Amino acid sequence: SNIPTALLNLKANEKYESLDRVVAIVEKSVVTQKELEKEINNIIEKIKIAKQPMPNQDILVKEVLGRLIEKKLIMQYAELIGIKIEREYLESVVGNIASKNNMTTDEMRIKLKDDGVDFNEFKEGISYELLLNQVKDREITSKINISDFEIENALKKIESLAPPEFKISHILLKKGSDYEVGGEKLKVLLNKLKTESFSNLAINYSQGPMAKEGGVLGWKKIEELPKIFSEEVIKMNVGDISKPLISGNGIHILRLDEAKNSSKTNKIMSEQFKISQVLIKVNEINNEDDIKRKMENIKNQIIGGLEFANAASKFSEDPSSFKGGSLGWVDKSVMLPEYKSAVESSELGKVSGPFSTEIGWVLLFVTEKRNKDITDKQNKLSAKVQLLKRKTQIKYKDWLESIKAQVHIEVLLNN
């Protein structure tokens, strides 16, 4: 049998006890023998599947009982501070898990059943994880501060564990070979580099050591490169060709073929729009037709010469009206769907709309559009999230102990 020795004496009494025995009291809740056995069997199954060594049985019982006590405690605490997981939210999370595994929720339920997992128990497990995370967020994470200094340090540590490396190709035009900056011969070669393959041109023109191999210098860490190269490579993106670089032995041209462990490998770009708006909200007094008429009227006034900023100050029901309706640069990824399609269909430099959106009716004045590199910002954000997670985990253990000290917990396992 899978059941550890500590439970065997309980099993022996089962014939006489039709009641499910209580093995621990946790304030207003209890852990039953059935719950404990079930959880132990689940873990033994997982250990077998993972082909891990079986832990000492008494330690296993203690460990599992500890987890169940923690769970009962968190569930009561969550109820006390008014946190609960709504059914719709749980269903949407379960749906997301299914779609991440390329399945529908029904297909996932069948798959779990084939693997011997009860779907309702699976959902209960997810629900508890969500509950635990919300408790941690409110009681611990929200009270943690992360300084810019800590974020910078974390990023440096990541970089030192895996320093950036660059795969570079190189053309050398030696001194005294008729190539000079601004000269006709170099111009011809630079033009060829726009359309022909770098390696073919390196084979034909380069006088560098690796010319025969297409000029490939291979993978280099930044500190392995001469300063004149490293200063240029840092500014380049994968696929870029450098400007001609002058050194004592001639003219160098570099191509950045690939990059590893560098923000260049996975740049994160963000589409942004510079927007001003006039917003009128829908309410009991303003019906849609009246608003639309009013908006058309405002638009005609703007076309007739009224400054957009003045129109926003006068008519807009948005806090931005104090700044002439200006929202500044707005990231496309944070826009609501209807608002986003309104922005995308607006012509640059012209007043557009009126559009019905999630926030109300808007007239938009989109003046500029840009793709901004937000790699740095995203890297800092993910470092911050990791630091928060780590600090939360450390503080959670202490927090849990302090909660345990305030409640009645009694283990009845060896009675």
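**View 1. Asn102 in the loop between helices H4 and H5.** In this predicted model, Asn102 sits in the loop that links helix H4 (87–100) to helix H5 (105–114). Most residues other than glycine have a negative phi.

**View 2. Glu27 in the loop between S1 and S2.** Here's another non-glycine residue with a positive phi: Glu27, at about 50°. You'll find Glu27 in the loop between S1 and S2. Is Glu27 buried, partly exposed or exposed? With a relative accessible area of 38%, Glu27 counts as partly exposed.

View 3. Zoom in on S1 (residues 22–26) and S11 and you can pick out three bridges holding the antiparallel pair. Strands of a sheet pair through backbone hydrogen bonds, either parallel or antiparallel.

**View 4. Strand S6 and its partners S3 and S5.** S6 (residues 250–260) is mostly covered, with eight of its 11 residues buried. Which strands does S6 pair with in this view? One is strand S3 (residues 165–174), joined to S6 by 10 bridges and running antiparallel to it. Within that pairing, Ser169 has Arg255 of S6 as its bridge partner. Another is strand S5 (residues 245–247), also antiparallel to S6, with three bridges between them. Leu245 bridges to His252 in S6. S5 and S6 form a hairpin, and two residues lie between the strands.

**View 5. Lys299, a buried lysine without a salt bridge.** Lys299 belongs to helix H11 (residues 288–303). It's buried, yet it makes no salt bridge. How far away is the nearest side chain of opposite charge? That side chain is Glu296, at 5.2 Å, while a salt bridge here has to fall within 4 Å. Leaving aside residues up to four places away in sequence, Lys299 touches Val351, Ser352, Gly353 and Leu363.

**View 6. The cis peptide bond at Gly353 and Pro354.** Gly353, one of the residues that Lys299 touches, is joined to Pro354 by a cis peptide bond. Its omega is about 0°. Most peptide bonds are trans. Pro354 is part of strand S9 (residues 351–357).

**View 7. The buried face of helix H12.** Which residues of H12 (residues 308–315) are buried? Look for Phe308, Ala311, Ala312 and Phe315. Seen down the axis of H12, the buried residues fall within an arc of 100°, so they line one face of the helix. What do they pack against? The buried residues of H12 meet strand S7 (269–280), strand S10 (360–373), H11 and S9. Two of these have turned up already: H11 carries Lys299, and S9 holds Pro354.

Technical notes. Residues numbered from 1 in each chain as written. Predicted model: local features only at pLDDT ≥ 70, side-chain atom pairs only at ≥ 80, totals over all residues. Heavy atoms only, no water. Pairing = 2+ DSSP bridges. Helix = DSSP H or I, 4+ residues; strand = E, 2+ residues; numbered from the N terminus. Buried < 20%, exposed > 50% of the residue type's maximum accessible area, 1.4 Å probe, protein only. Lys, Arg positive; Asp, Glu negative; His and termini not counted. Contact = heavy atoms within 4.5 Å. Arc of directions from axis to C-beta.
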